[in-house]
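Please keep the model in view as I speak.

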Amino acid sequence: PSAAAVRSSATEGAEAFAKETGNTVTPTFGTVGVIKLKLRDGAPADVAIMTDAAINEMARQGAVVIGSQTPIGRTGIGVAVREGAPKPNIGSPEALKTTLLSVKSLVYVDPSHGGTSGIHFASVLERLGIAEAMKPKTRLVSGGYPAELVAKGEVELVVHQISEIVPVKGVTLVGPLPKELQKTTVYVAGVTVASTAPATARAFIAFLAGPAFKAKLAAAGLDYRE
């Protein structure tokens, strides 16, 4: 299972790995919270891709092989609008606050589902003092690509992991959250203790982390640097 923030890269990596080695990889995706529950319940899986903190927690709890953790990529949280729409000012906390208060609608991942970006952005709204003001015009989703709602014209603004904005056609990334409000997340792959093919699992992780796949990760928004 993989965190949704690396969905496009993990899918592409699985296809490329299968072509190169003949080993089929079937990826599944969910929030970090959902994946943790699946691993704790002993769901069949060979590789887990999660935030660094989450995968280390799973290693401590005996669900991921200690020492198998390998960094895959890193991303930040960004803001996007529909393609062709004016880019709002989000260059500072005050500018972001003004922009958020002025939009008609906003979408982000429901924090209660354990998604990294949703939990963090909810705290950003609290820090900006506009959590209550934003509630009537906020649409919360359980996962997937909330940027698709912006592409369809259903919602004006999306806040999500940059790596989950970049793959969506019809939206424009305005930029990352201001550095004072940013959260950079490192995604790490590890072999599950329940794996029935640990050698292949390690080979797949090495493939994702290898130099040949770095450009794909960068194109998918997984090379974030402040």
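Let me begin with a definition: rings of Phe, Tyr and Trp, the last by its six-membered ring, are taken as a pair if their centres lie within 6.5 Å. Please note also that this is a predicted model. By that rule, four aromatic pairs are counted here. Consider Phe-207 and Phe-213, whose ring centres are 5.7 Å apart and whose planes meet at 40°. Planes under 30 degrees apart would count as stacked and those over 60 as edge-to-face, so this pair is classed as tilted. Both Phe-207 and Phe-213 are buried. They also belong to one aromatic cluster, together with Phe-17 and Phe-204.

Tyr-187 lies in strand β10, which covers residues 185-191. Is Tyr-187 buried or exposed? Its relative accessible area is 2%, and the limit for a buried residue is under 20%, so Tyr-187 is buried. Between Tyr-187 and Leu-125 there are 62 residues in sequence and 24 Å in space, taken from C-alpha to C-alpha.

I turn now to helix α2. Which residues of α2 are buried? They are Val-32, Ile-35, Lys-36 and Leu-39. These residues lie on the same side of α2, because they cover an arc of only 100° around the axis. What do the buried residues of α2 pack against? Their partners are the strands β1 (2-3), β2 and β3, together with the helices α3 (52-60) and α5. Just after α2 comes Gly-42, which takes a positive phi of about 75°.

The largest pocket holds about 450 Å³ of space. It is lined by 20 residues, and those closest to its centre are Pro-1, Val-25, Thr-26, Asp-46 and Val-47. At least two lining residues come from each of α1 (7-21), β3 (47-51) and α8 (198-209). Of these elements, which gives the most to the lining of the largest pocket? It is α8, with three residues. By residue type, the lining of the largest pocket consists of 13 nonpolar, five polar and two charged residues.

The second largest pocket has about 210 Å³ of space. Here too 20 residues form the lining, and Ala-4, Gly-30, Thr-31, Gly-115 and Glu-164 are the closest to the centre. The elements β2 (29-30), α2 (32-40), α5 (116-128) and β8 (157-161) each contribute at least two residues to this lining.

Key. Residues are numbered from 1 along each chain as its sequence is written. This is a predicted model: local features need pLDDT of at least 70, side-chain atom pairs count only at pLDDT 80 or more; totals for chains, interfaces and linings use all residues. Side-chain values use heavy atoms; hydrogens and water are left out. On a 1 Å grid over the protein atoms alone, a cavity is a set of points where a 1.4 Å probe fits but cannot get out, and a pocket is an open set with protein on both sides within 12 Å along at least five of seven lines; lining residues have an atom within 4 Å of a point. Grid points are joined across faces, edges and corners, and a volume is the space filled by probe spheres set on the points. Helices (H or I, at least four residues) and strands (E, at least two) are DSSP runs, numbered from the N terminus. Ala, Val, Leu, Ile, Met, Phe, Trp, Tyr, Cys and Pro count as nonpolar, Asp, Glu, Lys and Arg as charged, and the others, Gly among them, as polar. Buried means under 20% relative accessible area, exposed over 50%, partly exposed in between (1.4 Å probe, protein chains only). The arc is that of the directions from the helix axis to the C-beta atoms. Contact means heavy atoms within 4.5 Å.
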